[in-house]
Amino acid sequence: MRIAVVGGGPAGLYLAVLVKALDERHAVTVWERNAPEDTFGFGVVFSDETVGGIEGADPEIHERMEASFARWTDIDIDLDGERLTVGGQGFAAMGRHTLLRVLQERAASLGVTLHHRTQAPDLDELCATHDLVVGADGVHSSVRAERAAAFAPSLDRRHSKYIWLGTDRVFEAFQFIVRQTPWGTMQVHAYPYSATRSTLIVEMHEEVWRRSGLDATDPGEATPGTSDDGAVERIRAIFGDELEGHRILTNNSRWLNFHTVRNRRWSDGNVVLLGDAAHTAHFSIGSGTKLAMEDALALAACLHEHAGIADALAAYETERRPVVESTQRAAQASLEWFENIGMYARQGSCQFAFNLLTRSRRITFDNLRERDPAFAARVQADFAVRTGTGADVPAMFQPVRIGPLQLRNRIVVSAMDMYTASEGTPTDFHLVHLGSKALGGAGLVMTEMTCVSPEGRITPGCAGLWSDAQRDAWARITRFVHAESPARIGLQLGHSGRKGSTKLMWEGIDEPLEAGNWEVIGPSALPYGPGCNVPRAATRDDLRKVVADFAQAARRGVEAGFDLIEVHAGHGYLLSSFLSPLANRRGDEYGGPLECRLRFPLEVFDAVRAATPREIPVTVRISAHDWAAGGNTESDAVEIARAFVTHGAAAIDVSSGQVVQDEAPAYGRSYQTPFADRIRHLVAEPAGVPVIAVGAISSHDDVNSILLAGRADLCALGRTHLYNPQWTLQAAAEQEYAGEGARWPRQWAAGSRRPPTARTDRVPPRLTLLREPEAGGVHVRWLPREPTPST
């Protein structure tokens, strides 16, 4: 094949090397507009996994890279002068100049044609004269821009400013240096990459950047090669202690906003994107060079394995896209954490360090315990001290209070509609369903959304609490829970609003009933989505009736023996639809700005609170994000939570979405937890109100990580408990915990130990005469004795 590569950075060069190494008959030409020695930035970091892939793909490149690596395992986290060190991580870094030189020399030795200081020919010309054209020309790719209609790129400009610098102070490990300044929080990301140099990245929110006056010398879109010398002087003053008198080095160093690049497609005909041209991931979770070189390896392999270009490019995207999207999700979580780093200023150094390390959700408590057991033990002990128990047990089994209600552990069985009630009355199914979850060890078990009136049901199978007969059926369930388990049981009250009068979930979710239907109401005459019921805009009389129905249902809930009552103001049901500007277009005092959209949900909450004795907490569930343009976002959620806390909410249960049918949630593991985290730090924690995280939380490791980092006070798990009703007890057995936080029913005590599995009984023999100690143990630092190739 004739292959044209636009861009002579690591991605393009490594692809050229691998393609030629696989088949020397390929004619590969690389165009790079800069000189061979030109590069922007300083060091690049690789994971052990990526280095292993390079070794397998091209041992010669690996050997030369290995000779230049700075290696270490420690991360130092310095919060306002208090430093903690975490080991066992594993890093390899080298100078970017050195990497380019290695790749350039290897490419030339294999017969790759390299054109430096040369603009690539016109794209159409390249396509006509080559079998494949590779756009490896970076975040501002001209190849991508020229084929934008096909690639459908999106560039998300983020809110922090950063500047890429170097220093001749050689750090011994990865550094996260965080300082509270008069202008706000500033942070440094730094790491060594040779015996004489380190990378130094200074980052802060754009508002902090402006308040500090660092924008005053910003040259903006300056000529390439220009650095912001004024900023360098300010940074030297702010971080002088950390630099210890060493120089700051520049290389086209000026303030930037990170752009997350995504493309709907990575190829168009015989043109394909590679590396930053196709996607970017924030530098706080690693090197973009790492991703780019992994791309190159995958593309070279797919070209070799498939006979046709189209099949090869399809295979490349199929293989790489899931990896890249997973990395981008982690990077998004990480960059947002750093954008909001000021929220965590009140955390102690130990919790802050753990929070920082687990920010992307790729590192968890169990990961850290494997890598640095001493640090993990310190984190767990610190949590025990902060919660006031002093008991050094897994975080999920620490007791917690919701208002006056004491719970034995921090696990909640989330409310889940079962669609199995008879005329609103819970049945034996509900007794077994909720009873089994209580026996399974959760601290709090929530009912499904229990409707306050017949017309407030979602489906004919929804449970209700508008009659004394229903109250008595619920009382049978609460008596069982209280008699047979230490769990507490909560009642979730709600009204379906415009999402009512629909079929059972398994008959057609959100589809209107064909018979036996009833009129539905909403804040405005807007349906949930195409083909859904069109509600009647609620009148003042309708609203007064709904308030009265909620209050009466709450009174019956108290009589039925519930320990907690939750007002459902999420998921697009009636109260949630009043909160959302996508569903609420009213022109009266219940519509318009957020404070007016809050009015009716707060009237309902106040009525429930007034109808409920003070010894029973009243909480609220909200949707923290509408996941649709023009809808509520996390900023609105903070104000919504603040309003409910002001009105006496004992806890905020933070979910998201289901407000409009055409939503686009960013699904992923514990994807809603950042909303709970934000509400907890900005509103709830200062008020002493716990926050419940919910959504795609399924492992005890994730639960413990969320709690230890301070992202929530409790975790609600729904489908996980459908999969395993005894999930909490099983989690206790897996963590070898036995105590009041997970009390097994005496009838099940024989099962309280983890059962043996295949080969569990195997005890391995000793096969070495003398055991060699691990080199450096869990902590390895970069302490070079001789200079290595740098610059």
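Reply: Arg-158 sits in strand S10, residues 153-167 (strands are DSSP runs of E with at least two residues, helices are runs of H or I with at least four, and both are numbered from the N terminus). This is a predicted model, where local features need pLDDT of at least 70, side-chain atom pairs count only at pLDDT 80 or more, and totals for chains, interfaces and linings use all residues. Numbering runs from 1 along each chain as its sequence is written, and side-chain values use heavy atoms, with hydrogens and water left out.

With a relative accessible area of 10%, Arg-158 is buried (buried is under 20%, exposed is over 50%, partly exposed is in between, using a 1.4 Å probe and protein chains only). Its side chain makes a polar contact of 2.8 Å with the side chain of Glu-339. A polar contact here is a pair of N or O atoms within 3.5 Å; within protein, one must be able to donate a hydrogen and the other to accept it, and residues adjacent in sequence count only if both atoms are side-chain atoms. Setting aside neighbours within four places in sequence, Arg-158 also has Asn-257, Phe-258, Thr-260, Gln-332, Leu-335 and Glu-336 among its contacts (heavy atoms within 4.5 Å).

Now for the charged pairs. Side chains of opposite charge can pair when their charged atoms come close. The structure has 52 salt bridges, each being a side-chain nitrogen of Lys or Arg within 4 Å of a carboxyl oxygen of Asp or Glu. One of them joins Arg-781 to Asp-74, with the closest N and O atoms 2.9 Å apart. That pair links distant parts of the chain, 707 residues apart: Arg-781 is in the segment after helix H27 (727-734), while Asp-74 is in the loop between strands S4 (70-72) and S5 (75-79). Asp-74 is buried at 1% relative accessibility, whereas Arg-781 is partly exposed at 23%.

A local pair is Glu-233 with Arg-236, whose closest N and O atoms are 2.6 Å apart. Both belong to helix H9 (residues 229-238), and because they are three residues apart there, about one helical turn separates them. Glu-233 is partly exposed at 48% relative accessibility, and Arg-236 is partly exposed at 30%.

Then there's Asp-428 with Arg-476, at 2.7 Å between the closest N and O atoms. Asp-428 is partly exposed at 48%, and Arg-476 is partly exposed at 40%. Back at Arg-781, shared partners put that residue in one salt-bridge network with Asp-74, Asp-76, Arg-83 and Glu-172.

What about the cysteines? A search of the whole structure turns up zero disulfides (pairs of cysteine sulfur atoms within 2.5 Å). Cys-462 is in none, and its nearest cysteine sulfur, in Cys-451, is 4.8 Å away. Cys-462 is buried at 0% relative accessibility. For Cys-715, the closest cysteine sulfur is in Cys-350 at 19 Å, which is too far for a bond; Cys-715 is likewise buried, at 0%.
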